[in-house]
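Got your viewer open and ready?

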Amino acid sequence: MNSTISQEPIYQEVINGAAHWSVTVPAGKTLRFTNPEGASNVSLLFYNPKDLLERYNAPDTLKCQHTFKLTKGNCLYSDMGRVFCSITRDDTGWIDSVGGLANKQKVAEKWGERSYQTQGNLWLQNGYDAMLVELAKYGLGKRDMAANINLFSKVAADAEGNLQFEQNASKAGDVIELRFEMDTLVLMTTCPHPMNPAKEYPNHGVEVAMVEADPVSEDDYCRNFRPENGRGFENTERYRCVSQASTCCEA
């Protein structure tokens, strides 16, 4: 199994449940997510930190790789046809690509309503508002909210096309690794999945570590997972070359 699990982290942190966070990940680094209890959900959005108008494009990502789910081998594409990151490890075998984020109304209907003013850190945060807080840190807002992915969560379709949330799709200790092919602003929240049927508000954190990624070779698994991925990598490499040249000229 290709994995950076044995590498010493450059940076690591535990993100509590019902929290939000963001980080700019340089090209050539891997983010390793670990599900400590087997019950976490991690919602992610991706943006180009040098041009925030470029962001993760869910339809193109799924369409060009002919898939509904995401897992090891798949790449996450921007709306410019470039690869933000590649999924180099996925112990769950299924990353949700369509479930989205729960909003305030959804959380209140499923688990009741608690405000921060009355309950402090025990309030029931929702993924949509949590992501808006992170977006605001970079001058972004509602119109910049793209479709997200949900790590450690599985949403499948039945024979009639109805979406079903599958409980226990992840187990304690599961790891998902994303290798970044270009500098990427990553926004995340650990709020519960909107389709989670749990009776009590799910409040589960995640362990996050950044490690050095191995160089991408011509026979790289993700690069060759789909023919389209090879073109995506070429687009990304061209962009990185031009971007680096521009930086050198400015210096």
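**Stop one: the cysteines**

There are zero disulfides here, a disulfide being a pair of cysteine sulfur atoms within 2.5 Å. Before going on, keep in mind that this is a predicted model, where local features need pLDDT of at least 70, side-chain atom pairs count only at pLDDT 80 or more, and totals for chains, interfaces and linings use all residues. Residues are numbered from 1 along each chain as its sequence is written, and side-chain values use heavy atoms, with hydrogens and water left out.

(Buried means under 20% relative accessible area, exposed over 50%, and partly exposed in between, using a 1.4 Å probe and protein chains only.)

**Stop two: the nonpolar cores**

Next, select Phe33, Leu44, Phe46, Ile149, Leu151, Leu178 and Val186. These have the most contacts inside the largest nonpolar core, which has 31 residues. A nonpolar core is a set of buried Ala, Val, Leu, Ile, Met, Phe, Trp, Tyr and Cys residues joined through side-chain atoms within 4.5 Å.

Zoom in on leucine 44: leaving out residues up to four places away in sequence, its partners include Phe33, Met131, Asn148 and Met188. Contact here means heavy atoms within 4.5 Å. A second, separate core of 11 residues includes Leu45, Leu101, Met131 and Ala146.

**Stop three: the rings**

How many aromatic pairs are there? The count is seven. Rings of Phe, Tyr and Trp (its six-membered ring) pair if their centres lie within 6.5 Å; planes under 30 degrees apart count as stacked, over 60 as edge-to-face and the rest as tilted.

Select tyrosine 11 and tryptophan 21: their ring centres are 5.9 Å apart with planes at 10°, so the pair is stacked. Tyrosine 11 is partly exposed at 35% relative accessibility, while tryptophan 21 is buried at 15%.

Then try phenylalanine 46 and phenylalanine 180, a tilted pair with centres 6.4 Å apart and planes at 45°. Both are buried.
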